[in-house]
Amino acid sequence: MRYRQIHLDFHTSERIPGIGAHFDARKFAKTFADANVDSVTVFSKCHHGVSYHPTKVGMQHPHLDFDLLRAQIDALHSVGINAPIYLTAVWDEYAANTHPGWRVVSPETGAHVRMRTGPLGAGWCFLDLGSPYLDYLIRQVDEVMENYPDGDGIFMDISFQLPSVSTWAQRGMEERGLDWTDPEHRAKYTEEVQVRFYERVSEAVWKHDPKRPLFFNNGHVRRGRNDMLRFFSHLEIESLPTSGWGYEHFPVSARYYEPKGIPILGMTGKFHNHWGEVGGYKKPEALLYEVGVMLAQGARCSIGDHLHPDGALNKTTYDAIGPAYARVKALEPWAEGSTNAAEIGVISAEAASRPRFVGIPGHHHDADEGVVRVLLEGKYTFDLLDPDSDLPAYRLVILPDSIPVDPKLKAKINAYVKGGGRVLLTGMSGVDPEKGFVFDVGAKWEGPSPFKEGDYMMPAEALRPSFVHDPLFMYEVAQRIKVKAGGTSLGRIYDPYFDRAPQHFSGHMNTANRPDPSGYDAGSEKGGFLYLAHPIFTAYKRVGSVAMLEIAEKAIDRALNAPRTIQTSLPRAGRATLRRQAKAKRDVLHLLYATPVLRGVVRGEQVQPIQELVTLRDIEVSLATTRKPKSVRVVPEGRKLAFTTRGGRTRFSVPELRGHAVIEVAY
């Protein structure tokens, strides 16, 4: 896996003439080399279904008169740049038009399904991987592997199967004894088709070269399905932060997959908005910040581009990418072989749900993103975990909002707490809907609040926001609990007069709270357990209440029962991670600061570009260290920083931060 990659899309209509007419192999290679790029994903077949090389399986683009794929691979290899090869799976317009029976048929409407994008609603037709289309696709993979054995990997895009009731799907379900009119049976069959697709493509690739890198792109790498990782040599986490995914999506996925030991790659884009936006550009400052985020989370870097039909690369794009990748190149010695130094383990709510491989995965999971946002803003160090992950390495384990606890997880957590670990639970986490609390949190559970609009929380003094002195509306439904003997109350609940409804409502928004407490507690604490009755992380993700953020942070600090590993004067928008390089005997601290700003809405998605990087000065840092460092330096520049070590903490000041600063703490 290389650190400075380009994902070069080329989705080009068969109606456009002059394909590759301005391609110049020398300029092509030099542009990438000058921009410090070390790997470029080039294309065999695009979403239009046309190939960019001679083919006996599909159709070469009718306006291409040479082998563009071979020319690109040779040009890149001539300057030492890798060239993985791109194919698309479920979107193939040529196959859809020449074989309409291969298309997905919607179970709801009986019509063919399209992904409609753009102002006029044009878009891609979905193909059914349970039809003979899969055989067609496998022949294309075989052809690429045979004719381009020097390609440096396979990137298989749009790798998700939609539920279908096509003739092929009906036949396939009936052969398996499934009822294609039953939604549950359709979902089961859909995942079977998905897995078979993975199996056949990986067989087709690895029979030619067992070491060939292979990745299937779904737009979001689902957490909790580690059984599927056997088909992946590495993960490319597609996450265009400006639009659609947002700046908090990538850290969630990275913090889940990086600890598993599978190589990960962060994938952003040069686009102002979304994939394939020709003539849309992100400022160079944004790319500097985004690749810094990838390195800080233990990932290699990839930046998406879209080649012009004439085959010439765009100067504006590579002028922006060059400085970002120059910095990545300089920082690679402090990235290679590093591991995250995590004090907190968070059981992922998405992972706990064990999502099916059915259809297009959503990019977001509110509980996971909410807890990660809180932890990032608080500069905590953390990993996302599976319910069966090992826990002893963490000082605190968080079960955010909706984690079911089966007997196996219960035994594991009880053993962890008995060994000195501490646990924070929120919402329905650790609650059996029939029996109540699974753990002794010092309270009795009496069911969910009947107020669907949400209720009010008055936290105990230790958890109270710095600026709130009255009951706080929480937007989400609380669990009703009463603290019992041996437990400590963490606040009181105030009920609204009634839920807002057509028959009775009060004011513009939510109904006011009753003046007296409801008699239920806002949370409880006992021994190694701390519990909050609201799904506070989901609520924070959805509404962004600063008061909720402060409550959540104070609850985490109370549960952690020790100073945070990283303490810093960075503003709230700043991010900090700590990585360890054991062989080099050093810690590597990443400090990041940028302020994405909402500037527009495109197809219902908020567009939040980074326009500038503000220089911060004299950032104070206090870092938990087990021994006295021999040096503290800003890298790659090598500037030494004065430091003091006392009481297990090393303190120093970072003179300047513009977007991304990296500090080496050597032992």
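## Aromatic cluster and ring pairs

Tyr86, Phe155, Phe197, Tyr198, Phe215, Phe216, Phe231, Phe232 and Phe357 come together as one aromatic cluster. The structure is a predicted model, in which local features need pLDDT of at least 70 and side-chain atom pairs count only at pLDDT 80 or more, while totals for chains, interfaces and linings use all residues. Residues are numbered from 1 along each chain as its sequence is written, and side-chain values use heavy atoms, with hydrogens and water left out.

Rings of Phe, Tyr and Trp (its six-membered ring) are taken as a pair if their centres lie within 6.5 Å, with planes under 30 degrees apart counted as stacked, over 60 as edge-to-face and the rest as tilted. By this rule there are 31 aromatic pairs. One of them joins Phe23 and Phe28, a tilted pair with 5.0 Å centre to centre and 55 degrees between the planes; both residues are buried (under 20% relative accessible area, with exposed meaning over 50% and partly exposed in between, for a 1.4 Å probe and protein chains only). The ring centres of Phe439 and Phe529 are 4.9 Å apart with planes at 20 degrees, so this pair is stacked. Because Phe439 lies in the loop between strand S19 (436-437) and strand S20 (443-448), and Phe529 in strand S27 (residues 529-532), the pair ties together parts that are 90 residues apart in sequence. Helices (H or I, at least four residues) and strands (E, at least two) are DSSP runs, numbered from the N terminus.

## Charges over rings

A charge sits over a ring if NZ of Lys or CZ of Arg is within 6 Å of the ring centre and within 35 degrees of the ring normal. Arg222 lies over the face of Phe357, at 4.5 Å from the ring centre, and Lys260 lies over the face of Tyr256, at 4.4 Å from the ring centre.

## Strand S29 and its partners

In strand S29 (residues 574-581), 7 of the 8 residues are buried. Two strands pair if DSSP finds at least two bridges between them. S29 pairs in the antiparallel sense with strand S13 (residues 339-340) over 2 bridges, where Arg579 of S29 is the bridge partner of Asn340. S29 also runs antiparallel to strand S30 (residues 586-593), to which 8 bridges join it, and Arg575 stands opposite Leu592 in S30. The hairpin of S29 and S30 has 4 residues between the strands, and Lys585 takes a positive phi near 55 degrees there.

## Helix H2

Helix H2 (residues 68-77) has 7 of its 10 residues buried, so it is largely enclosed by the rest of the structure.
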